[in-house]
Amino acid sequence: MQPLYQGKFSGHYLDAYGTAFGALPVAAQYAFALVFGLVIGSFLTVVVHRLPIMLERAWKAESTPIGEEPAQGRYNLAVPRSACPHCGHVLRAWENIPVVSYLLLRGRCAQCKAPVSPRYPLTELTTALLAAVSLYAFGPTLIALAAFGLCAALLVMSLIDFDTRYLPDSLTLPLLWAGLIVNLGSAGFVPIHEAVIGAIAGYLFLWCVYWLFRLVRGVEGMGYGDFKLLAALGAWLGWQALPQIVLLSALAGAIFGLTATGIGKMRFEEPLPFGPFLAAGGAITLFFGTPLYALFGG
Ligand SMILES: [Zn+2]
């Protein structure tokens with residue numbers, strides 16, 4: 001398995017930072033990546049839980065009549081401190097260590113013994129794995145850090161979309177800008193013009209599909225967040241990546257949808273959150289390039 005982009009980034013001026021990291025023994029690099037991934041993953045679980053609540057509160061505050069105070073305390077990604085949703089027990093430092101605390105507490109609250117969702121350690125482990133894979137695919141470079149940033153953002157958006165059927169602008173739009181910035185200059189994943197065209201084409205393509213479905217069948221299969229997510233993926237990976245991402249995600253979505261209806265977990269008419277599939281298609285393309293095109297002689 002030869003990642004598409006491997007070798008492309010060595011010797012670049014931005015890798016001055018990467019070189020210092022690269023001077024560490026390989027085992028130390030991976031150990032660092034895994035621990036870094038666990039810590040970031042722990043933060044991601046907070047974002048997944050709190051961002052939808054913050055957005056809902058902001059939305060409610062805006063619709064509160066002037067003169068009336070919305071009756072809510074401060075709530076953001078840092079405040080209040082993490083607490084058990086059942087008994088309100090505020091987590092002490094040792095109860096807040098990624099994965100380790102979950103294992104030590106055997107997946108239960110230290111006070112009321114209510115079960116803690118395994119999603120927390122699973123998200124942390126997945127993030128750690130993505131950090132290690134980024135290091136493996138791109139070497140000890142800044143571009144590996146960028147790739148990991150993209151993966152972390154995709155993971156957060158997938159989980160939020162899965163929970164709420166909503167992809168917040170406050171995530172999709174910064175991801176789009178970040179993709180354009182990463183590809184400025186010659187150190188990015190693709191030349192900047194391919195990134196710009198990718199952003200435009202990504203949005204327009206799903207926008208067209210959306211309106212086609214609406215006009216022909218009168219159904220809304222997707223939300224505007226999906227257009228923005230594909231635009232962001234186009235900004236990161238270039239327009240050439242888009243057909244593969246769309247194909248992979250449509251295929252995965254169809255298989256998942258049919259399986260879920262088949263085993264009675266979903267009704268056929270129920271809309272599927274498309275974000276997780278787009279994100280998966282994007283992550284596969286990030287690490288494996290576009291092998292799908294070889295099937296078509298590309
Ligand atoms: Zn509790």
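Predicted model: local features only at pLDDT ≥ 70, side-chain atom pairs only at ≥ 80, totals over all residues.
Trainee: Let's start inside. Which element gives the most residues to the largest nonpolar core, and how many does it give?

Mentor: The largest nonpolar core holds 58 residues, and A147, C151, A152, V156, M157, L230 and L233 touch the most other members. The elements that give two or more residues to this core are α2 (26–62), α4 (119–138), α5 (142–164), α6 (169–182), α7 (192–217), α8 (224–237), α9 (242–262) and α10 (275–288). The element that gives the most is α5, and its share is 15 residues.

Trainee: L230 was on that list. Which residues does L230 touch, leaving out those up to four places away in sequence?

Mentor: L230 is among the core residues that touch the most other members. It is also one of the α8 residues that meet α7. Leaving out residues up to four places away, the contacts of L230 are G202, Y203, F205, L206, L242, I245 and L278.

Trainee: How do α7 and α8 lie relative to each other: roughly parallel or roughly antiparallel?

Mentor: Two packed helices are described by the angle between their axes and the distance between the axes. For α7 and α8 the axes are 7 Å apart and the angle is about 155 degrees. Angles over 145 degrees count as roughly antiparallel, so α7 and α8 are roughly antiparallel.

Trainee: And is the crossing of α7 and α8 left-handed or right-handed?

Mentor: The residues that meet are A195, G198, A199, A201, G202, Y203, F205, L206 and W207 in α7, and D226, F227, K228, L230, A231, L233, G234, A235 and L237 in α8. By class, this contact of α7 with α8 has 13 nonpolar, three polar and two charged residues. As for the hand of the crossing of α7 and α8, it is right-handed.

Trainee: What is the class make-up of the contact between α5 and α6?

Mentor: The axes of α5 and α6 come within 11 Å and cross at roughly 165 degrees, which makes α5 roughly antiparallel to α6. Their crossing is left-handed. On the α5 side the contact is made by A146, A153, V156 and M157, and on the α6 side by L171, L175 and V182. By class, the contact of α5 with α6 has seven nonpolar, no polar and no charged residues.

Trainee: Now the pair α9 and α10. Are they roughly antiparallel or oblique to each other?

Mentor: Their axes come within 8 Å and cross at roughly 130 degrees. An angle over 145 degrees would count as roughly antiparallel and 65 to 115 as roughly perpendicular. The angle therefore leaves α9 and α10 oblique.

Trainee: How do the residues of the contact between α9 and α10 divide by class?

Mentor: The crossing of α9 and α10 is right-handed. Q244, I245, L248, S249, A252 and G253 of α9 make the contact with F277, L278, A280, G281, G282, I284 and T285 of α10. These residues divide into seven nonpolar, six polar and no charged.

Trainee: Turning to the backbone, is the peptide bond from V79 to P80 cis or trans?

Mentor: Most peptide bonds are trans. P80 has its place in the loop between α2 and α3 (100–104). Omega for the bond from V79 to P80 is near -10 degrees, and the bond is cis.

Trainee: What is the phi of V99, roughly?

Mentor: Most residues other than glycine have a negative phi. V99 is found in the loop between α2 and α3, and it counts as partly exposed because it has 17 C-beta neighbours inside 10 Å. Its phi is positive, near 60 degrees.

Trainee: What about K113: what value is its phi near?

Mentor: K113 lies in the loop between α3 and α4. It counts as partly exposed, with 13 C-beta neighbours inside 10 Å. K113 is a residue other than glycine with a positive phi, near 65 degrees.

Conventions
Residues numbered from 1 in each chain as written. Core = buried A, V, L, I, M, F, W, Y, C linked by C-beta atoms within 7 Å. Buried ≥ 20, exposed ≤ 12 C-beta atoms within 10 Å, placed from the backbone. Helix = DSSP H or I, 4+ residues; strand = E, 2+ residues; numbered from the N terminus. Contact = placed C-beta atoms within 7 Å. Axes fitted to C-alpha atoms, helices over the stretch in contact; angles between N-to-C directions. Parallel < 35°, antiparallel > 145°, perpendicular 65-115°, else oblique. Left-handed = near helix turned anticlockwise from the far one by under 90°. Nonpolar A, V, L, I, M, F, W, Y, C, P; charged D, E, K, R; others polar.
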